[in-house]
Amino acid sequence: MEIYINNVYDKINNMKKGLFITFEGADGCGKTTQIKLLDEYLKNKGYSTLLTREPGAVGLGVKLREILLNYDGEVSPQAESFLFLADRAQHIDCIIRPAIKEGKVILCDRHTDSTVAYQGYGRELDLDRINYLNNIATGGLKPDLTIVFDIDIETSMQRVGSQKDRMESAGIEFFNRVRNGYLEIAKKEPGRVKVINSFDTIENIHKKVIELVENL
Ligand code: TYD
């Protein structure tokens, strides 16, 4: 059964026309600045791009994002992961897959690795289960490249500032686990996941991003 599913996933990935690049890292790592710079760079080169994000690209996702970041009652870690996964399923089906078929370069601010790092490592949910559920939400579609922006948590928290949303309020230990989670993901999948040290100037980081993307 597993082999059959993997074959189907391979077929899905082989049918792809566009490119799918995801940007990952702890809050305040600077990825949002970098994704915009890359978008501009690619557009100037004549590529058709789609700049999008999780959670909350459009429609239903925006509602889910509102709950995920601002709901002030209790949210269990399992429920939290299902809400992120619901947002992902909607995003993949309605936005990402159609854009890939059109041959676009998709630049996505956070995706499956956020759930592994935040809910898996951060909230300490079972990693195999998170990976399994991620696969269901994406239908097996995988990014061609994932860039993790690595930064020490003190700097990242300083950048976030005092106005923290629900996720950003999770505390320093949580964020250390998230950071470590991203580094573990990169170790496990060195072909897809590349780490950039984010304690550098915006220009230098941008150059490294371009290098990675041009290597694709
Ligand atoms: P956002 O404001 O988009 O943060 P950032 O600008 O740092 O990307 O908020 C998204 C928050 O949701 C962020 O704290 C990471 C968290 N998150 C998860 O915990 N799991 C997930 O699967 C995703 C996509 C995001």
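In the predicted model, the exposed residues E203, K207 and E211 lie on the face of helix α9 that is turned away from its buried side. The buried residues of α9 are I205, H206, V209, I210, L212 and V213. Viewed down the axis of α9, these buried residues fall within an arc of 160°, so they line one face of the helix.

A corresponding analysis was made for helix α6. This helix covers residues 127-138, twelve residues in total, and reaches 16 Å from its first C-alpha to its last. The value is close to the 16 Å expected at 1.5 Å a residue. Buried positions in α6 are I130, L133, N134, A137 and T138. These residues cover an arc of only 130° around the axis, and they are therefore placed on the same side of α6. The face of α6 turned away from that buried side carries D128, Y132 and I136, which are exposed.

The ligand is surrounded by 16 residues, the closest being K31, R65, R110, T115 and Q119. By class, this shell contains five nonpolar, four polar and seven charged residues. At least two residues of the shell are supplied by each of α2 (31-44), α3 (60-70), α4 (77-101) and α5 (112-122). The largest share, four residues, comes from α5.

For K31, the separation between a side-chain N or O atom and an oxygen atom of the ligand is 2.5 Å. The side chain of T115 likewise has an N or O atom 2.6 Å from a ligand oxygen atom. For the side chain of R88, the separation of an N or O atom from an oxygen atom of the ligand is 3.2 Å. Taken alone, the ligand exposes 550 Å², of which 90% is buried by the protein.

R110, which is among the residues closest to the ligand, is found in the loop between β3 (105-109) and α5. With a relative accessible area of 12%, R110 is buried, because the cut-off for that state is under 20%. The side chain of R110 also makes a polar contact with the side chain of S114, at 3.1 Å.

Two further helical positions were examined for accessibility and for separation from other residues. V62 is located in helix α3. Its relative accessible area is 43%, and V62 is therefore partly exposed. The C-alpha atoms of V62 and T32 are separated by 18 Å, with the two residues 30 residues apart along the chain. L83 is located in helix α4. At 24% relative accessibility, L83 also counts as partly exposed. Between L83 and V209, 126 residues apart along the chain, the C-alpha separation is 30 Å. V209 is one of the buried residues of α9.

Terms used. Residues are numbered from 1 along each chain as its sequence is written. This is a predicted model: local features need pLDDT of at least 70, side-chain atom pairs count only at pLDDT 80 or more; totals for chains, interfaces and linings use all residues. Side-chain values use heavy atoms; hydrogens and water are left out. A residue is near a molecule or strand if one of its heavy atoms lies within 4 Å of it. A polar contact is a pair of N or O atoms within 3.5 Å; within protein, one must be able to donate a hydrogen and the other to accept it, and residues adjacent in sequence count only if both atoms are side-chain atoms. Accessible areas come from the Shrake-Rupley method with a 1.4 Å probe; for residues, only the protein chains shown count as cover. Ala, Val, Leu, Ile, Met, Phe, Trp, Tyr, Cys and Pro count as nonpolar, Asp, Glu, Lys and Arg as charged, and the others, Gly among them, as polar. Buried means under 20% relative accessible area, exposed over 50%, partly exposed in between (1.4 Å probe, protein chains only). The arc is that of the directions from the helix axis to the C-beta atoms. The expected span of a helix is 1.5 Å times one less than its number of residues.
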